[in-house]
Amino acid sequence: MALLQKGWLKYILMLLVFVVGQVLVMTGILNDYLFATLTTLCINIILAVSLNLITGFTGQFSLGHAGFMSIGAYVCALITMRISTIPGFLLGVFAGACAAALVGFIVGLPTLRLRGDYLAIATLGMAEIIRIVFLNLEITNGAAGLNGVPQFVTWPWLFLFTAGTIHLISNFIHSAHGRACITLREDEIAAESIGIDATRYKVTAFVMGAFFAGIAGSLYASYFYFLRPTLFGFSRSIDILVIVVLGGIGSLSGSVIAAILLALISTYLQSFPELRMVFYAVALVVIMILRPQGLMGSKELSFDLLRNLGRSRKRRSS
Amino acid sequence: MNKVLSVQKLSKSFGGLAAVTSVNLELFQGELVGLIGPNGAGKTTFFNLLTGIYMPEKGSIELHRGSEVFSLQKRKPHDICRLGVARTFQNIRLFRDLSVLDNVRTAMNKNLKYGLFPALFHTGTYQKEEEELVEKSMELLKIFDLESKASELAKNLPYGDQRHLEIARALATDPVLLLLDEPAAGMNPAETSQLTRTISWIRENFDLTILLIEHDMSLVMSICERMYVLDYGLMIAEGTPEMIKKDPRVIKAYLGEDLHA
């Protein structure tokens, strides 16, 4: 019964976020500039949550998330530029996500045998290869990139894909398959000794992460008009990793909170362009010194957590 | 008696060091067999060969299940577990940041029936099977008096409970053969005697065959029917505890040679 109630609370909260967003958009409080920031935020949340599945929960250090994102972006753009309708857009998102997942599978099978730093280097190489391919393909228009990608992203779509990603990945983690992935992070030898097929679960997590990164890329293409290979370089992979580490390795709500926090910081610093990156970097360093496990550690934001926090506060003060 | 495991001429070396040389071993249904030997004799290496962590260079390992025979060499660890061989580790390898319950229920994954779709959408199949998993895990935890600690993190358990939890996790994989690598290491005499009772109880109630590595002679001598003795990678003796106690080669391996001559 308690579980059921908690489930309902989650849906009510999601509905609330959607309605508030919709009202802000309709009343025009969210102007074009703020809506662009919101879109970037949602895309970053999808990217961070999906990378957290690979790096935070399954423990596979990946530096190639921007590569999967770019595949989704280009595939979706190429489709919507030909079929410029809502079904075309949905087809584009789906095809983009599937293409990214397919590449994730092909790359994952051989590279996921590597561990730690070696895997990081391999995934970094993969993302570079993907970028170079887009740079040299004729259909993607090389370095000049694609211009005039039709814009389909509105608040309802943005909300649907972001909330959907969080919901599905959270469901996966709270299943026996998700728990199997977590045991790989904890101790791979012990996990294999209790019958968990390490390769299979690593590839599953990697392919799922790539799928959702593909969705994020598709949304990017369908909002920002143009695509260039340089948009998906090494620094974007690092940006995503920063969100994951800052929020807490192995905490989905941590990733969401960190993405929001970083969006706020960079929006407020917009008026000081010279100092913006300096402040940003200093903020990161300070947070990492004060909370090396990330904002949330491996905990999730929940009502139990808030209640416990309140209780320990009270105990301390009495 | 039915044979459960037969190992023939198993060998493994690391560089120039022969860790295990041409070892033969046989286990029969329902037996509790001890494997002893001085430090560095190759006992843990032998376990790692049986469970697929190391690949043997020579020899064969065969697991008998009813009329079927599976050869275990060249199989991966998870595959060997699926065939019914479970183990614990000398240096405890729990999932330290997971709860006690999670440690046990992840070990039941090999019999999991639901796939990726129910996992993503939490369908009715998912709900039903997850409830069953929790129920079965709690039953298992009850045996080790751990059910009240189910939601605690494994790393916060006292040492003795961690040892017990590792055995519970191994049992959760539904094995026919259980390999225990020094289960009493670091335990005091009272804890050891409690563990001794638990191991006997498990063997009777789970229809298991157990192979046990142990340094604590009181534990091995009191519960094992047969023993094998390894020294420098060679199997130097085999027999009942009484026979082993008197075997001159075993005494020599443990206490050194008589300087008198």
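Which helix of chain A is A:R236 found in?

## A residue in chain A

A:R236 belongs to helix 10 of chain A, residues 234-247. Helices here are DSSP runs of H or I with at least four residues, strands are runs of E with at least two, and both are numbered from the N terminus. This is a predicted model, where local features need pLDDT of at least 70, side-chain atom pairs count only at pLDDT 80 or more, and totals for chains, interfaces and linings use all residues. Residues are numbered from 1 along each chain as its sequence is written, while chains are lettered from A and ligands numbered from 1 in the order in which they are written.

(Buried takes 20 or more other C-beta atoms within 10 Å of a residue's own, exposed 12 or fewer, and partly exposed is in between, with C-beta atoms placed from the backbone.) A:R236 and A:G67 are 169 residues apart in sequence, yet their C-alpha atoms are 9.3 Å apart in space.

## Two helices crossing in chain A

Helix 3 (residues 65-80) and helix 4 (residues 86-111) of chain A have axes that come within 7 Å and cross at roughly 145 degrees. Axes are lines fitted to C-alpha atoms, for helices over the stretch in contact, and angles run from 0 to 180 degrees between N-to-C directions. The crossing of helix 3 past helix 4 in chain A is right-handed, meaning that the near helix is turned clockwise from the far one by less than a right angle.

Residues of helix 3 that meet helix 4 in chain A include A:F68, A:I71 and A:G72, and those on the helix 4 side include A:G88, A:F89 and A:L91. Contact is a C-beta to C-beta separation within 7 Å, with those atoms placed from the backbone. By class, this helix pair brings 14 nonpolar, 6 polar and no charged residues. Ala, Val, Leu, Ile, Met, Phe, Trp, Tyr, Cys and Pro count as nonpolar, Asp, Glu, Lys and Arg as charged, and the others, Gly among them, as polar.

## The sheets of chain B

Chain B has 10 helices and 10 strands. One open sheet has 6 strands in the order 6-7-8-3-9-10, with mixed pairing. Strand 6 (85-87) and strand 10 (234-239) are its edges, each with a single partner strand, so one side of each has no neighbour in the sheet. Strands pair if DSSP finds at least two bridges between them. Strand 7 (residues 177-181) and strand 8 (residues 209-213) of chain B are parallel, over 5 bridges, and B:L178 has B:I210 as its bridge partner in strand 8. Helix 10 (residues 248-255) of chain B packs on this sheet, touching strand 9 and strand 10.

The other open sheet described here has 4 antiparallel strands in chain B, ordered 2-1-4-5. Strand 1 (residues 3-14) pairs with strand 2 of chain B over 8 bridges, and B:K12 stands opposite B:V20 in strand 2. Helix 1 of chain B lies across strand 1, strand 2 and strand 4 (58-65), at about 65 degrees to strand 2.

## Where the chains meet

In all, 27 residues of chain B are in contact with 23 residues of chain A. Helix 2 (77-82), helix 4 (116-121) and helix 5 (124-143) of chain B each supply at least two residues of the chain B side. That side has 13 nonpolar, 6 polar and 8 charged residues.

Note on methods
Two residues are in contact if their C-beta atoms, placed from the backbone, lie within 7 Å.
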